[in-house]
Amino acid sequence: VYSFSSLTAVTTLAQLISPYYFGDSILYKDEVSANYYLVLHMSDHTPEEFNRICNVISEYGTPVNTGYASLSYFAEHFKPIVKADAVQTLSVL
């Protein structure tokens, strides 16, 4: 999970990683803080591939420490902006 202060930053990142990242992803917005949260799943990527992708993402967003209930919390308290394939969807904007 990565935090972003603007939708522009998330969109720019999505355009960069979309040729390499093909896993599941969801974008949420915390309407109180106006931050965006991009949730990525490793899916079929190897650990090495996923690590490289995460290194690129870290240049644009802030890693968020998550626990076992974090995704449920996001789903309950934040507004889903893109519910499935967020990286691929945002990359064409």
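Predicted model: local features only at pLDDT ≥ 70, side-chain atom pairs only at ≥ 80, totals over all residues.

Guide: Happy to! Read from the N terminus, the order of elements is β-α-β-β-α-β-α-β-α. The radius of gyration is 12 Å, close to the 12 Å that the globule rule gives for 93 residues, so the chain is as compact as a globular protein of that length. Buried residues account for 38% of those 93. Among contacts between residues at least 6 apart in sequence, 73% join residues at least 24 apart.

The largest nonpolar core has 20 residues, and F4, L27, L38, L40 and I57 touch the most other members. Strand 1 (2-4), helix 1 (7-17), strand 3, helix 2 (47-58) and helix 4 (86-90) each give two or more residues to this core. Helix 1 supplies the largest share, 5 residues.

Leaving out residues up to four places away in sequence, L40 touches Y2, Y21, D24, S25, F50, I57 and V87. There is also a second, separate core of 6 residues, including V1, Y28, F74 and F78.

Let us stay with helix 1 for a moment. Its buried residues include A9, V10, T11, L13, A14 and I17. As a rule, an α-helix has 3.6 residues a turn, so residues three or four places apart point the same way. The cover over the buried residues of helix 1 includes strand 1, strand 2, strand 3, helix 2 and helix 4.

Strand 2 (residues 25-30) and strand 3 (residues 35-40) run antiparallel and are joined by 6 bridges. Within that pairing, L27 has L38 as its bridge partner, and both L27 and L38 are among the core residues that touch the most other members. The hairpin has 4 residues between its strands, and A34 takes a positive phi near 70° there. Strand 2 also pairs with strand 5 (residues 79-82), again in the antiparallel sense, over 3 bridges. In that pairing K29 stands opposite K79.

Buried means under 20% relative accessible area, so S91, at 18%, counts as buried. A polar atom of the S91 side chain lies 2.8 Å from the backbone oxygen of Q88. Beyond its neighbours within four places in sequence, S91 is in contact with A14, Q15 and S18. A14 is one of the buried residues of helix 1.

S43, in the loop between strand 3 and helix 2, has a positive phi of about 50° although it is not a glycine. S43 is partly exposed, at 36% relative accessible area. D85, in the loop between strand 5 and helix 4, also has a positive phi of about 50° without being a glycine. D85 counts as partly exposed, at 38%.

Methods
Residues numbered from 1 in each chain as written. Heavy atoms only, no water. Pairing = 2+ DSSP bridges. Core = buried A, V, L, I, M, F, W, Y, C linked by side-chain atoms within 4.5 Å. Buried < 20%, exposed > 50% of the residue type's maximum accessible area, 1.4 Å probe, protein only. Contact = heavy atoms within 4.5 Å. Polar contact = N/O pair within 3.5 Å; in protein donor to acceptor, adjacent residues only side chain to side chain. Rg over C-alpha atoms; globule rule 2.2 N^0.38 Å.
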